[in-house]
Amino acid sequence: MPAAEAPSTGVDGPPSAATEGPADQPNIVLVFIDDMGWGDFSCFGNQDAGTPHIDRLAREGIRFEQFYVNSPICSPSRTAISTGQYPQRWRITSYLNNRKDNQRRGMAQWLDPKAPMLARSLQQAGYATGHFGKWHMGGQRDVNDAPPITDYGFDESLTNFEGMGPKLLPLTLKPGQTEPDKIWQRAEILGEAYRWMLRSEITTGFVDAALPFIDKAAASGKPFYINLWPDDVHSPFWPPVDTWGDGSKRRLYLSVLEAMDQQLGRLFERIQGDPKLRDNTLILVCSDNGPELGAGTAGPYRGYKTHLYEGGIRSPLVVWGPGIVKRHNHIDGQSVLSAIDLTPTLLKLTHTPPPEGVTFDGEPLVDTLLGDGGSREAPIFFRRPPDRNAFYGDEDLPDLAVRSGKWKLLCEYDGSEAELYDLSIDDAEANNVAEQNPDVTAQLIKSVIDWHRSMPPDNGPELE
């Protein structure tokens, strides 16, 4: 469903500097926001808060309305976007917690460093690679022997309380309070390279680390790949004290959203203000899963974080690169693509060879990403987090889901309780048409169960 403003047909042809074609190794910045809904950017229809810096990227680039992440919860979603493979392959199917709980849910303790990381492939191709922000693919709570982030193909890293390596830990401050408090103090056991910073400014801290990294790469003539993955807009919400308003959950969330946009703006402006970077940098902005109930909004879509309904897995995607993308101020409401497609797409775009012997679940969709449209050919499959059979008032959430063409099917592990939606006319998933379409329902049930059984299991069936 389109955002509030009317879509343009786009302007064909980038500026003259790009007509000669981008360099073989364009710079890439991937901004992966935490727990933000499809409808939370103002360019996607949010009328309660403004995100002017993201909106500028959208005006100068492309907004994708049918982009999916591959899990409705953080750690597996991050694994998918990093590897181009379903996170089930790496036994990361819910958020990584303490050792005992990871084991209870049938999960790995951290992402295997042998996974086919986009960053490592780019690093081997000569890129400077940096991760600045939330990691949550190993190294959290009592899991203090996970590999450092630099083992995954990054030259530098700065993370939060859910990763190994240098980190920023949050201080909290509310109106009327003179001395800040600390949260997530236990993260000190993950290593000594930490410093405390106001939670409301931590996105600035990540940007402050990314900017000199960009300068260093530019000075050395190297292309760069950067993950800028803020803690925002995940709860608990600690915006600047002068933006607390009435202190309600919704108001605090919106204030965090606006502060995040402002802080990210410094990174965007650094690139936009440098002609060499502007013409040869691709910025992608999306969210790792749907919103928390009562905080963000999924726009017209059903469901929230942890749900396999559209609101849990459909993410806004903004792609900016005036010297690279082919359309500007363009809304692509038709192309269906997912986070696992980004790794093979960006490898192809940068002329980087994929890891030897690796088969991606994603598809290379360079033309789609740059504005020509077109959907992935294979269906997109989903499995719910093993510990989320019931959440946000739904006592029996679907276990599996598949998006295939215009159809979306959800069902239990055994194929029962099937729900079928024609998203071309019912993207709110309001009208279950499984009984009216028995052949489609049967075929999609078979395909999603076959996929589910082909993946390493977790303990979801035992935890129902």
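Visitor: How exposed is Thr297, and what is its relative accessible area?

Guide: Thr297 is partly exposed, with a relative accessible area of 27%; buried means under 20%, exposed over 50%, and partly exposed in between, with a 1.4 Å probe and protein chains only. The model is predicted: local features need pLDDT of at least 70, side-chain atom pairs count only at pLDDT 80 or more, and totals for chains, interfaces and linings use all residues. Residues are numbered from 1 along each chain as its sequence is written, and side-chain values use heavy atoms, leaving out hydrogens and water.

Visitor: Where is Thr297 found, and which residues does Thr297 contact beyond its neighbours within four places in sequence?

Guide: Thr297 lies in the loop between β10 (281-287) and α8 (310-313). Helices (H or I, at least four residues) and strands (E, at least two) are DSSP runs numbered from the N terminus. Beyond neighbours within four places in sequence, Thr297 is in contact (heavy atoms within 4.5 Å) with Gly37, Trp38, Gly39, Asp40, Arg250 and Pro291. Asp439 is 142 residues from Thr297 in sequence and 34 Å away in space, C-alpha to C-alpha.

Visitor: Which residues make the contact between α1 and α6?

Guide: Pro52, His53, Ile54, Arg56, Leu57 and Glu60 of α1 meet Asp261, Gln262, Gly265, Phe268, Glu269 and Gln272 of α6.

Visitor: How many residues of α2 are buried?

Guide: Ten of the ten residues of α2 (residues 74-83) are buried, so this helix is largely enclosed by the rest of the structure. Its buried residues, among them Cys74, Arg78 and Thr83, pack against β2 (27-33), α4 (118-124), β9 (224-229), β10 and α9 (342-349). Just after α2, Gly84 takes a positive phi of about 75 degrees.

Visitor: What does the chain contain as a whole?

Guide: The chain holds eleven helices and 17 strands, and 60% of its 464 residues are buried. Among contacts between residues at least 6 apart in sequence, 71% join residues at least 24 apart. The C-alpha atoms fill a box of roughly 60 × 55 × 50 Å along the principal axes.
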